[in-house]
Amino acid sequence: MSEIELRTPLVAVPGLPYRGRDIEIVEVASQGHVNLRGAARNAVFKDAVQATAGVSLPLAANTASGTQPPCALWLGPDEWLLRLPGEAQAATCVDALDAALAGEFFAASDISSAQTVLRLSGAHARRVLSKGCTLDLHPGVFGAGRCAQTNMAQATVILLPLADAAGGIEVVVRRSFADYLARWLLDASR
Amino acid sequence: MQSRRLPNGGRIERDRPLRFTFNGRRCEGYAGDTLASALLANGVGVLARSFKYHRPRGIVGSGAEEPNALLQLGRDGYTLPNQRATQVDLYDGLVAASVNCWPGPQFDVGAVTSAFAKLLPAGFYYKTFMWPQRFWGTYERYIRRAAGLGHCPREPDPDIYEKINVHCDVLVIGAGPAGIAAALAAGKSGARVILVDEQSEFGGSLLYREAEIGARSGAEWLRESVAALAEMAEVTLLPRTTAFGYYSHNWLALVERVTDHLSGGAAGQPRQRLWRVRARQVVLATGAIERPLVFCNNDRPGVMLASAVSTYVKRYAVRPGTRAVVFTNNDTAYQTALDLQQAGVAVVAVVDPRDNPRSPLVSAVRRQQGIEVIDGAVVHDVFGRMHVSGVKVAGFDARAATLSGASRRIDCDLLAVSGGWNPTVHLHAQSGARALFDEQRGCFLPGQSVQAERSAGGCNGEFGLKSSLDAGAAAGADAARATGFKPGRKQTYKAPVAAQAEARLLWRVPAQTRVSRAPKQFVDLQNDTSAADLELAVREGFHSIEHVKRYTALGFGTDQGKLGNVNGMAIVAAARGDNPGRPGTTTFRPAYTPVTFGAIAGRELGEFFAPVRKTAMHPWHEARGARFEDVGQWKRPWFYPQAGEDMHQAVNRECLAARNGVAIMDASTLGKIDVRGPDAAAFLDRIYTNSWSALAVGRCRYGLMLGEDGMVMDDGVSARLAEDRFHMTTTTGGAAHVLGWMERWLQTEWPQLRLHLTSVTDQWATIGVVGPKSRDVLRKVCSDIDLDAARFPFMSFREGSVAGVRARVFRISFSGELGFEINVAANYGQGVWEAVMAAGVEFGITPYGTETMHVLRAEKGFIIVGQDTDGSVTPVDLGMDWIVSKRKDFLGRRSLARADCVREGRKQFVGLLTDPPDKVLPEGTQLVDDANAATPVPMIGHVTSSYYSACLQHSIALALVKGGAKRMGETVQAPLADGHVVSATIVDPVFYDREGARHNV
């Protein structure tokens, strides 16, 4: 196994994790992220995902199969984000899918290093996010089970509402934008 | 010394005195005051000079309509120009100053223009300074200095502003009786409601008018209603918030003044907050603004709107005068007469152009001791220059629209005027609807709604309290119902309804002489536009109201004609011989009242102006002291200066390390796209100019992409990972565009092709190891890949591990040297980088940045798309015909056969060697054949890249030169901005190792 140290995208951002009044921001690092492409009507594909990752792919737009890994987020009619507990599982999952689906038309890409997750919780979490996002984040409209691809400030993100009572939300952001977005969110949480 | 403060009453907090200064004078007011009410309490009458004639001006209104009381607030970076004193909440330590006068409003040098007023008609500047045109710049400078309102801060704004996006079911704008009733009705149903009002307190007219609602007083009802709204979980109350813009899809912009009213702001809180609201339904309850009357010298300080006078007396407990005359064409101002009388101000007369108006209110005034109601009469002129000292009253012949009988003088120091009410239809009109003129009521009313909005109360012409409340409740309920809520039974309010006598429309009071000869009758106080100006404009052929506006400035300025526009339109109509509503309104544009740039910018400034993208190794580069360069949104190391080195020295050192030893660079920013599917190769054949289907698995190839116009769009090296899978790379700046471009073709034109595109740019950290000793370094950190030159040939890739981390290693070269690009999962990027650095110590491994990368590739004549190309360059122009397949179709191919693409004399890519050899030409330098030729000197090309090559010990440049490929060895001239002319010889663009021997080792 590797001796090389794993460095999450936000390891160097001062001020993280942040605990303010009614708002907490932490990086949920080193999870497994797999971008999955394939036909929803292809039973072989869906079954392989179910067998490998233990999730059934959501078919309704902007929904998620759960709020914690393992879960799958709908990104498009033929595209999902698989979230797995750790990056090792992502590598295993991709290898297993490649083996199980040889000859099928699909694609599974390990993007565990390509993105990270910021978890905002506390009563002010959604208000802070509303400063940078034009979607309706009211818990009655955007609750657990939903997900959305949108812009947060000037970064593209995926939002995943959590099931906690305070209405926390996880923000999936590309690695190269994570530093910018984390600083932006810290500023917005002042 | 609050000489004009009433001993009791009002909504001010007398136990919270506040100190402030006006033009250096110390004043005092109370919490709950506006700056305007505090200035009046301190007896300040003149606080501004008018825009054009520098006439003394005082406070006219009590809200957004105020045209005169524009003051400069605060100092230094905190200063704000042109703040309406009527909308500024007083705070302790406030510093206010007049704007358009010097040395002060009492004595103003600029007032000399008043003496020449006759020479300054409408369009004066257009007419006078038309000729000669080239002098306009000079004229403009002085004209602007003479006009000018406040001044902008010169320092950066020290305050913080923020934005927030919200959604709601019902947005209610205006928290007067109608708005509150609407919010209550909608809020009770459970709808998400936002109630906004621009004032510090909710209540609207209830704040200055006594009322009875049900069994309670208006004030009690207000208190209870606001408390009830505050209790509702889904209701948001936003006082001090102006809804200033109504855009499409029921998207509205509000600005909340969060800490403007606090002394010194509040730590950590933004000064203002911009609310961007998507409302499913909007209820406009914006009320109405009283209309002034147009008569001679109607701009004198002491002439005020009657509603403003009542507001100052009742809400702020301020006496705006000691001896008042009321001039009104309708009943509402009779209440002002009673308010003044009650406050101990002598009301000597109510002048009313109507003949014997009859209503309970008029009778109540007639019963008052000392108030003379003069009906069938008008105030047609005003005495006093710095302040009203009296008025001229004469009979009014309504049919002939002339004065009748003798004129008499009545002494007074306050003239309260009312010409009726203008519903505030601004937001309705901004929403795309058209306000319609109501001949009966003499005002513009909301027309057919275009978006999901409805108007209730004063802004809909419902001026009575009961009708406002009922209309508000109905509008709120209807809006909630329209969004799927059940508001329950229709609610009506109990409030007394008083009969009113009909108003007599009066757009302009006749003068004793012709309008053009008479003292000025101001229509638009802020722009000094008079009735005579409007009539002149019509005489000169400006008939459209939009043209009249631009010719006379009617309705321009910070108040956007809130007081003057309707009178002005009616006066224009009369001059045209039309009905008053016929000319229509000018366009109502956002913002309703001015919004600071700070609020519009929000936090998108400084480090948040644009995203900064960083690679996984960024912290290492920073620690190493790299200087960074912006490439797209990325920060890339530019060079790594060592102690005492300048950029030139650092780059020379880095270049020589790459050529002679080993060097390392961060190439993570290159775009990377996983292209996967049975048709992946066929797809790349269409995207790239060269062929990909024949590429063997495990091999890499350089590819060029063209736009549909045949021009070079992007390039990069891609590798075939498997029969059905490629690892594509793009330029750093082009990554997003290329992915979008390919998705567009795949999704819209070639949906039958079976492949998926996935961006993996952020997944891979890319470490370039370059130089003759690069293989030696790699051997130390990579044991499971055979690095032997023959078994790992140039332009191939291997999978294995580097420093124990799973890696894709590409043997490619952008420098011309032996080189490897190591791709590892970015989470391990910095760790692997450090491992390679450690392995390279014994070989003198040197990190290098983009500048050295540019020099190395320029020595090899490799292009950089976007630097050596500019969207007008074909592969043939670049001398890269070898990469353009003749045997297959690809995007852009057909355009390459266009006549323009094959003509002689196109600019072609060449190298330049300067004389003297150490002279580095600035990039962008134009090239000519003869710098001394007659102007315009024919230009034959330009320098695209230019560096000093330490390796060749010569300045080298790349250039696009007309017909350059056939001009090898010829000399061109490069005239520089400093007047020097440098000669350069056209050469082949490959300066170094033409045979490619160095990377093939």
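Modeller: Helix axes are lines fitted to C-alpha atoms over the stretch in contact, and angles run from 0 to 180 degrees between N-to-C directions. The model before us is predicted.

Colleague: With that in mind, at what angle do helix 8 and helix 9 of chain B pack, and how far apart are their axes?

Modeller: In chain B, helix 8 (residues 332-342) and helix 9 (residues 360-367) pack at about 30 degrees, and their axes lie 9 Å apart. The crossing of helix 8 of chain B past helix 9 of chain B is left-handed.

Colleague: Which residues make the contact of these two helices of chain B?

Modeller: Helix 8 of chain B contributes B:Tyr334, B:Gln335, B:Ala337 and B:Leu338, while helix 9 of chain B contributes B:Leu361, B:Val362, B:Ala364 and B:Val365. Sorted by class, seven residues of this contact are nonpolar, one is polar and none is charged.

Colleague: How is chain B divided into domains?

Modeller: Its domains include domain 1 (1-153) and domain 2, which is made of two segments, 161-288 + 423-482. Domain 1 and domain 2 of chain B each give seven residues to their contact. On the domain 1 side there are two nonpolar, two polar and three charged residues.

Colleague: How many residues of chain B are in contact with chain A, and which element of chain B gives the most?

Modeller: The contact joins 40 residues of chain B to 37 residues of chain A. Among the elements of chain B that each supply at least two residues are strand 34 (671-676) and helix 21 (829-840). Strand 8 of chain B gives the most, with six residues. By class, the chain B side has 17 nonpolar, 12 polar and 11 charged residues.

How values were computed
Residues numbered from 1 in each chain as written. Chains lettered and ligands numbered in written order. Predicted model: local features only at pLDDT ≥ 70, side-chain atom pairs only at ≥ 80, totals over all residues. Helix = DSSP H or I, 4+ residues; strand = E, 2+ residues; numbered from the N terminus. Left-handed = near helix turned anticlockwise from the far one by under 90°. Nonpolar A, V, L, I, M, F, W, Y, C, P; charged D, E, K, R; others polar. Domains from an automatic or database assignment.
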